[in-house]
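Student: I would like to work through this structure with you, one step at a time. Could we begin once it is on the screen?

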Amino acid sequence: MLAAAAAVTVALAAAYYPPVKPAGYGGDGGFLGAVGRQESTLGTPNWRCAFAYFAANSLIPFGFWVLPIRCWNSNAFRSAEMVRKVTYRPPGTEHNLLNEVNLSLREKSFGLIFGRSGSGKTTLLQLLAGLSEPTSGSICIQKYDDSGNPIGLPEILTSQRVGIVFQFPERYFLADTVLEEVTFGWPRQKADLLFKEQLALNLQNAFNSVGLTTISLDEDPQSLSGGFKRRLSLALQLVQTPDLLLLDEPLAGLVDVVAKFLLQMSDWKARADVVNLLKELKKHHTILVVSHDLR
Ligand SMILES: Nc1ncnc2c1ncn2[C@@H]1O[C@H](COP(=O)(O)OP(=O)(O)OP(=O)(O)O)[C@@H](O)[C@H]1O
């Protein structure tokens, strides 16, 4: 019966598989998967597909992966980040870490790349962030009109359009105060006043969207709670108003919900805090998360 349920689910899900296959193979042969979901504000729900999505999710306890599903109709499609046939081989090595990976992520949607440790998830994020160059293939943004037809040619996704939050981002805090941390690298010359005003406005918006309005700017970033440190590292990226926000294992190091009875409440809260924050952020930003932990 389980096999029959799985077959039905796979068939339903396959019917709504996105046009660009969001899957690839990592360096050690480990499977990389992807899940994407369009925000309801951008389209009308496709209920048959939503049913398939929930059916697929219900099979996780039995060892099935979540399948990539498009749950909303495409008529509100405005732009998408596209990874096309990307292969990556580090310079001086003989093996590809990524082989012809394809992925598409719509504007203001939330994507999840999952796969076991060493399958190439971080490598893919580094390529998307422009920290390394694909050996072959392309990473671009394609704009679409309201009917879903492409507008013009795809544009290259430059590093200025991407924000990346690495694993354990708090380890990279440099300054003694929150204010110095967020303004690090800002222009110092008077001529850049307008630009600084824009950054200050962005900063206010970023702090509002990650719920950091209650902390003092004089506080030492290292003295913040685990959840607030993650909020600060997200705000640092949001100040730059990226088109795409990449998060590498955003829950790494934060205590699991199941440990809440064994550990202090504040430790548990850090993880729940970040999960709730991501739920809020995905309403307004295009977010791609990598994780080996599907929970
Ligand atoms: N510059 C490099 N040269 C050679 N091998 C590399 C290089 N960078 C990464 N690797 C190897 O490529 C593989 C993929 O690494 P990557 O960090 O992308 O995996 P991952 O899926 O993010 O793993 P994790 O979940 O543990 O963070 C690993 O085996 C890693 O050792």
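Tutor: Domain bounds here come from an automatic or database domain assignment, and the model itself is predicted.

Student: Which residue ranges does the domain assignment of the chain give?

Tutor: The chain has 295 residues, of which 31% count as buried, and it holds seven helices and 10 strands. The assignment gives domain 1 as 2–157 and domain 2 as 168–281.

Student: How many residues of domain 1 are in contact with domain 2, and how many of domain 2 take part?

Tutor: On the side of domain 1 that touches domain 2, H3 gives the most, with three residues. By class, the residues of that side divide into four nonpolar, one polar and one charged. The contact as a whole joins six residues of domain 1 to four residues of domain 2.

Student: Which helix gives the largest share of the shell around the ligand?

Tutor: The ligand is surrounded by 14 residues, and the closest are Pro90, Ser117, Lys121, Thr122 and Thr123. By class, this shell has two nonpolar, 10 polar and two charged residues. Its largest share, three residues, comes from the helix that spans residues 121–128, namely H3.

Student: Which residues have the most contacts inside the largest nonpolar core?

Tutor: The core draws at least three residues from each of domain 1 and domain 2, and its largest share, six residues, comes from helix H6, residues 226–238. Leaving aside neighbours within four places in sequence, Ala235 is in contact with Val182, Ala206, Phe207, Val210 and Leu212. Within this core of 43 residues, those with the most contacts are Leu128, Ala235 and Leu246.

Student: Is Glu100 exposed, partly exposed or buried, or in other words, how does Glu100 count?

Tutor: Glu100 is found in strand S4, residues 98–106, and has a positive phi of about 45° although it is not a glycine. Most residues other than glycine have a negative phi. With 14 C-beta neighbours inside 10 Å, Glu100 counts as partly exposed.

Student: What is the phi of Lys108?

Tutor: Lys108 lies in the loop between S4 and strand S5, the latter covering 109–115. Having 18 C-beta neighbours inside 10 Å, Lys108 counts as partly exposed. Its phi is positive, in a residue other than glycine, and is near 55°.

Student: Over which residues is the pLDDT below 50?

Tutor: The chain averages a pLDDT of 72, and 66% of the residues score at least 70. One stretch below 50 has 81 contacts in the model beyond near neighbours in sequence, while another such stretch has 10. Where pLDDT is low, the predicted coordinates should not be read in detail. The stretches concerned are residues 36–76 and residues 256–266.

Student: What ipTM does the predictor give the complex?

Tutor: The predictor reports two scores for the complex, one of which is a pTM of 0.71. The ipTM is 0.93.

Terms used. Residues numbered from 1 in each chain as written. Predicted model: local features only at pLDDT ≥ 70, side-chain atom pairs only at ≥ 80, totals over all residues. Helix = DSSP H or I, 4+ residues; strand = E, 2+ residues; numbered from the N terminus. Buried ≥ 20, exposed ≤ 12 C-beta atoms within 10 Å, placed from the backbone. Near = placed C-beta within 6 Å. Nonpolar A, V, L, I, M, F, W, Y, C, P; charged D, E, K, R; others polar. Contact = placed C-beta atoms within 7 Å. Core = buried A, V, L, I, M, F, W, Y, C linked by C-beta atoms within 7 Å. pLDDT = per-residue confidence, 0-100.
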